[in-house]
Amino acid sequence: VTDDDLVARARQGDSDAFGQLVDRHRIAVYRAARAALGSHADAEDAAQDAFVLAYQRLGSFRGDASFKTWLLTIAWRQAINRRRGVRRWLQRIVGYSGQDDVAGDVAADLPSPETAAAATELRRAIIAEIRRLPPKLRDTFLLAQGGELGYDEVASILAVPVGTVKWRVSEARRMVRKRLRECGFADGSA
Amino acid sequence: MVQREHDDIDREIDAAARGLTAGEPRGDLSARVAAAVDRRATYRPRPMRWLRIAVPSAAAISLVLTILHVYDEPRATVPVPNPRSVVDATPRGGPPVPPSDRREAIGARTRLPAIGSRVQRESEVQNGAGLENADAMGFSALTVEPIQVEPLAIENTPTLDVIAVEDVSVPSIEIDQLVQNEPAQ
C-alpha cells in the first residue's frame, strides 16, 4: 500500500490509514524535529503536533511532492516554531542544556578505557562545535546526517536548492574541523 | 595522508551529527496522535467564553480606578500659588514686603527650592551650629573662629519723605458713556 493510497483513505475518515502513515514516518519526523530542537522530549512533542496538524491539513495536500516531504516540511516548521518559543529562549538565557548528551554512548563500544576517554573527549568537542555552528549550517547538516533524508528531501524541507544543501553540509564540516584544530585536536587524533 | 586524516575526522563529525539526531519516538506515538485528533474533533468552541474573562476584568479595573480617583482627589484640589499670584496678593499701597516674608505671610508652599543660598546668621556662625556634622563630613581639622560682622550701612538712600502717597481722583464714568463706547456689532 502506497502513501498516496493511505492518504486517500485517511481523507475519507479512515483513522487506521492515518495511523499507518504515522507508523511509517514517525522516525523521520522525530529526527527532523530533534535536529531542530535537540532534546528528546521536545522532539517527541513536536512530532506529535506535526502529525495532528498534518491530519487536519490533509485536504490541502495536493500531491505535488511526496507525502513524506510534505509531512516533514510541516514537522520542520512546527519544530522551528517551538524552538523560537519563549520557553526555549528563557532556557537558553539561563543556561540551556536541553540537548541530550550522546557522547556517553560512544564509550561503550570502544576497546580500552584510554581510547574510550580520548574518543569521548573528541566526540564532546565535535558536538560542542556542531552546536556552535550558525543555525542554517547546523540545521542543514543535522537534517542531512540524520540518516532518514536525502539531499533532495532536505532541500525541499528547507526550500533551498540541492546545491545549497551540499554546500552547507560541506561548510559545516569544514568549520567544525577548523575549530577542532584551533582547540588542539589534530586531524585524525581519534 | 592528509586526505585520509580529513576523512577520519569527517567520519567522526558525521557520526556525532547522527548521534545528535539519533533515537526514536515512543511506540505509542500513533495512539497519542489519534487521541489528540479525537480531542480536537470533539472540541466545541464557546463563542461567549471571552465574556467570562472580560467582564470581571473590566469590573476590577474600574474599581481600582475609582479608588485611585477618590484618594487622589483631595491632594489634587490643594491650590498651589504661583509667583504671579503671590505678587498679586501683596497689599497695595503698603510698604514692599521681602519675597521670603511674603511667602510666609500668606502661608504659601511651593515645591521649588528658594533661589539663592541661605546665609547663616551671625549667632549660628559664632556657635558653630552649622557645623554640627563636621566630623562626619571629614572637616574635623577645621576650627570655627568667631567672625565679627558689622552691620551694613545703607548710604545715600533717599529719605522716606520722598515717597508720598497722593490721592488719585478717578472721575466717575456714567453708564451712558459705557454704552456708547461699546463696539458696534
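**Two chains and what lies between them**

Let me begin with the charged pairs: six salt bridges are counted between chain A and chain B. Please keep in mind throughout that this is a predicted model, so that every value I quote is computed from it. One of these salt bridges joins Arg26(B) to Glu44(A), and the closest N and O atoms of that pair are 3.2 Å apart.

Which helices of chain A supply at least two residues each to the side that touches chain B? They are α2 (15-37), α3 (40-56), α6 (113-132), α7 (135-145) and α9 (162-182). Among the elements of chain A, α2(A) gives the most to this side, with 10 residues. When the residues on the side of chain A that touches chain B are sorted by class, we find 18 nonpolar, eight polar and 11 charged.

How many residues take part on each side? There are 37 residues of chain A in contact with 28 residues of chain B. For those of you who are new to this, the size of an interface is often given as the accessible area that is lost when the parts come together. Here the area buried between chain A and chain B is about 3,200 Å², and carbon and sulfur atoms give 62% of it. Within chain A, the residues that lose the most area to chain B are Arg26(A), Glu44(A) and Gln48(A), which together make up 17% of what that side buries.

Now let us take the chains one by one. Chain A has nine helices and zero strands, whereas chain B has eight helices and zero strands. Of the 190 residues in chain A, 49% count as buried, while in chain B, which has 185 residues, buried residues make up 12%.

Glu153(A) lies in helix α8, which covers residues 151-158 of chain A. Why does Glu153(A) count as buried? The reason is that its relative accessibility is 16%, and buried means under 20%. The side chain of Glu153(A) reaches the backbone nitrogen of Gly150(A) at 3.0 Å. Leaving out residues up to four places away in sequence, Glu153(A) touches Lys68(A), Thr69(A) and Glu148(A).

Ile157(A) also has its place in helix α8 of chain A, and with a relative accessibility of 6% Ile157(A) counts as buried too. Which residues does Ile157(A) touch, again not counting those up to four places away in sequence? They are Thr69(A), Leu72(A), Thr73(A), Trp76(A) and Leu149(A). Finally, Ile157(A) and Thr140(A) are 17 residues apart in sequence, and their C-alpha atoms are 9.8 Å apart in space.

How values were computed
Residues are numbered from 1 along each chain as its sequence is written. Chains are lettered from A and ligands numbered from 1 in the order in which they are written. This is a predicted model: local features need pLDDT of at least 70, side-chain atom pairs count only at pLDDT 80 or more; totals for chains, interfaces and linings use all residues. Side-chain values use heavy atoms; hydrogens and water are left out. Contact means heavy atoms within 4.5 Å. Buried area is the accessible area (1.4 Å probe) that two parts lose on being put together, summed over both. A salt bridge is a side-chain nitrogen of Lys or Arg within 4 Å of a carboxyl oxygen of Asp or Glu. Helices (H or I, at least four residues) and strands (E, at least two) are DSSP runs, numbered from the N terminus. Ala, Val, Leu, Ile, Met, Phe, Trp, Tyr, Cys and Pro count as nonpolar, Asp, Glu, Lys and Arg as charged, and the others, Gly among them, as polar. Buried means under 20% relative accessible area, exposed over 50%, partly exposed in between (1.4 Å probe, protein chains only). A polar contact is a pair of N or O atoms within 3.5 Å; within protein, one must be able to donate a hydrogen and the other to accept it, and residues adjacent in sequence count only if both atoms are side-chain atoms.
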